[in-house]
Amino acid sequence: MARTRAITERQVKSWVDGYVKAWTTGDPADVEALFTEDAESYEWPYETAWIGRQEIIDGWQTRAPWQEGGWTFDWSLLVINGDTFAIKGTGVYAKLGTFDNLWVVTLDAGRKCTTFRMWNNEV
């Protein structure tokens, strides 16, 4: 059985920074840089299941209106376990309100996401 190489806090920060950049720009190339071709993305309570990088890109583009009026995102690292990390985040959207998030993200050896799970709670 092959051992999974643990990701570092620096790699987590880099990936989350890339996520925030992609969420800000909405540029498909920025989203593509984050996810493997066969990545899976799930979000609760919205019951989102986007399978494959193109479906993730398409899904993100449908949410562009969420950002109208501006938004911010603050986060902190909770844990790293091998190739998977968890963060607690807070997104504040001018038009939607404030959401506490829990992300659980698994990265491959190239540090692209293979599985993204997010739980959202409006506060």
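Which residues does Gln67 touch, not counting residues up to four places away in sequence? Gln67 touches Trp23, Thr24 and Tyr93, where contact means heavy atoms within 4.5 Å. The structure is a predicted model, in which local features need pLDDT of at least 70, side-chain atom pairs count only at pLDDT 80 or more, and totals for chains, interfaces and linings use all residues. Residues are numbered from 1 along each chain as its sequence is written, and side-chain values use heavy atoms, with hydrogens and water left out. Gln67 lies in the loop between α3 and β3; helices (H or I, at least four residues) and strands (E, at least two) are DSSP runs numbered from the N terminus. With a relative accessible area of 16%, Gln67 is buried, a term that means under 20% relative accessible area, whereas exposed means over 50% and partly exposed in between (1.4 Å probe, protein chains only).

The interior was examined next. A nonpolar core is a set of buried Ala, Val, Leu, Ile, Met, Phe, Trp, Tyr and Cys residues joined through side-chain atoms within 4.5 Å. The largest such core has 27 residues, of which Trp15, Phe35, Trp60, Phe85, Trp103 and Phe116 touch the most other members. Two or more residues are given to this core by each of α1 (9–25), β1 (35–44), α3 (53–62), β3 (71–81), β4 (84–93), β5 (97–107) and β6 (113–122). The largest share, six residues, comes from α1. Residues up to four places away in sequence aside, Phe85 touches Ile7, Val12, Trp15, Val16, Leu77, Val79, Ile80, Trp103, Val104, Val105 and Leu107. In soluble globular proteins, nonpolar side chains tend to be buried together.

Nonpolar side chains also occur on the surface. Leu78, Val79, Leu102 and Trp119 form a nonpolar patch there, with about 340 Å² of accessible area together. Patches are made of residues with over 30% relative accessible area and no salt bridge, like charges being joined within 9 Å and nonpolar side chains (Val, Leu, Ile, Met, Phe, Trp, Tyr) within 5 Å; accessible areas come from the Shrake-Rupley method with a 1.4 Å probe, and for residues only the protein chains shown count as cover. Val79 belongs to strand β3 and, at a relative accessible area of 44%, is partly exposed.

Charged pairs were then considered. A salt bridge is a side-chain nitrogen of Lys or Arg within 4 Å of a carboxyl oxygen of Asp or Glu, and the count by this rule is five. Side chains of opposite charge can pair when their charged atoms come close. In one of these bridges, the side chains of Lys21 and Asp30 meet at 3.6 Å, N to O; Lys21 is partly exposed, at 48%, and Asp30 is buried, at 15%. Glu43 forms another salt bridge with Arg63, with the closest N and O atoms 2.3 Å apart. Because Glu43 lies in strand β1 and Arg63 in the loop between α3 and β3, this pair ties together parts that are 20 residues apart in sequence. Glu43 is buried, with a relative accessible area of 5%, and Arg63 is buried as well, with 9%. A further salt bridge joins the side chains of Glu68 and Lys95 (3.7 Å, N to O). This pair links distant parts of the chain, 27 residues apart, with Glu68 in the loop between α3 and β3 and Lys95 in the loop between β4 and β5. Glu68 is partly exposed, at 43%, while Lys95 is exposed, at 59%.

Strands β3 and β4 provide a further example. Thr72 is placed in strand β3 and Thr90 in strand β4; their C-alpha atoms are separated by 8.1 Å, although the residues are 18 apart along the chain. Thr90 and Asp108 are likewise 18 residues apart in sequence, but their C-alpha atoms are 25 Å apart in space. The side chain of Thr90 makes a polar contact with the side chain of Asp100 at 3.1 Å. A polar contact is a pair of N or O atoms within 3.5 Å; within protein, one must be able to donate a hydrogen and the other to accept it, and residues adjacent in sequence count only if both atoms are side-chain atoms.

Backbone geometry was considered last. Most residues other than glycine have a negative phi, and most peptide bonds are trans. The peptide bond from Trp44 to Pro45 is cis, with omega near 10°. Glu47 is not a glycine, yet has a positive phi of about 50°.
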